[in-house]
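Here is a friendly walk through one protein chain. Take a look at the sequence and the 3D view, then read on.

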Amino acid sequence: MKGLFLCFVVFCSFSFFSQDKSDRHLHVHFKVNNTFGELTNLVIREVYENGSKDTIFADKANHSIDIPVNKHVLLEFICKGHITKRVAFNTDVPEDIEKVPFFNLVVELIEEDFLLTLDNHKEIKTLMDFPVGYIKFNSSEMLWYNSQENITKTINKLIKKNLK
């Protein structure tokens, strides 16, 4: 009986030590600004592909969250008086990568009042309903990248076009 109990304890201890692989996550540090500086009193909503949601209230512009690997998550950055900005994450990371690199994200929200002054505000507002970034992992370079960078550039060009 002691031998059986000892085998059980040893087996359980191995399963406790092997949790590192399943605990892998993407650490996202983000800073949220507008044209006047850092924003406070933000709502960050994590929307998972299965429909579950998690809402975080951040009183500072600098914040961090952890997203589990092998998930598809949409982050929504919400602040009163600003257009919501969305960034999608595909955290598929190969199993052989134990230490997942972190990701720094700078989000610049557009003020609703400012957007209404632009000639093409409807076009920009429609674009902002979609994620402005789609972050994926490049395992050959061991870094995260925005595969939707062209959309971000398009939005910035539309805004700058009206400022000239």
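## A buried arginine

Arg-24 is buried, because its relative accessible area is 5%; buried means under 20% relative accessible area, exposed over 50%, and partly exposed in between, with a 1.4 Å probe and protein chains only. You'll find Arg-24 in the loop between helix H2 (19-22) and strand S1. Helices (H or I, at least four residues) and strands (E, at least two) are DSSP runs, numbered from the N terminus. Before going further, note that this is a predicted model, where local features need pLDDT of at least 70, side-chain atom pairs count only at pLDDT 80 or more, and totals for chains, interfaces and linings use all residues. Residues are numbered from 1 along each chain as its sequence is written, and side-chain values use heavy atoms, with hydrogens and water left out.

What does the side chain of Arg-24 reach at 3.0 Å? That would be the backbone oxygen of Pro-94. Leaving out residues up to four places away in sequence, Arg-24 touches Pro-68, Val-69, Asn-70, Val-93, Pro-94, Glu-95, Ile-97, Glu-98 and Val-100; contact means heavy atoms within 4.5 Å.

## The whole chain

Stepping back, the chain has five helices and 10 strands. Of its 164 residues, 36% count as buried. Among contacts with a separation of 6 or more, 62% come from residues 24 or more positions apart.

## Another buried arginine

Arg-86 sits in strand S7 (residues 85-90). Why does Arg-86 count as buried? Because its relative accessibility is 18%. Its side chain reaches the backbone oxygen of Met-128 at 3.2 Å. Setting aside neighbours within four places in sequence, Arg-86 is in contact with Leu-74, Leu-75, Glu-76, Met-128, Asp-129, Phe-130, Pro-131, Val-132 and Gly-133.

In soluble globular proteins, nonpolar side chains tend to be buried together. Here the largest nonpolar core has 39 residues, and Val-28, Phe-77, Phe-89 and Leu-105 touch the most other members. Strand S1 (residues 25-34) gives the most to this core, with four residues. A nonpolar core is a set of buried Ala, Val, Leu, Ile, Met, Phe, Trp, Tyr and Cys residues joined through side-chain atoms within 4.5 Å.

Take Phe-89: not counting residues up to four places away in sequence, Phe-89 touches a list of residues including Leu-26, Val-28, Ile-67, Phe-103, Leu-105 and Ile-135.

## Strand S3 and its partners

Strand S3 (residues 42-48) is mostly covered, with six of its seven residues buried. S3 pairs with strand S4 (residues 53-58) in the antiparallel sense over six bridges; two strands pair if DSSP finds at least two bridges between them. Val-47 has Lys-53 in S4 as its bridge partner. S3 and S4 make a hairpin with four residues between them, and Gly-51 in the turn has a positive phi of about 100°.

S3 is also joined to strand S6 (residues 72-78) by six bridges, and these strands run antiparallel. The bridge partner of Val-43 in S6 is Ile-78.

Most residues other than glycine have a negative phi, and most peptide bonds are trans. Asn-41 has a positive phi of about 55° although it is not a glycine. Asn-41 is placed in the loop between strand S2 (37-38) and S3, and counts as exposed because its relative accessibility is 58%.

Met-142, also not a glycine, has a positive phi near 55°. Met-142 is in the loop between S9 and strand S10 (143-146), and with a relative accessible area of 38% it is partly exposed.

Definitions and conventions:
Polar contact = N/O pair within 3.5 Å; in protein donor to acceptor, adjacent residues only side chain to side chain.
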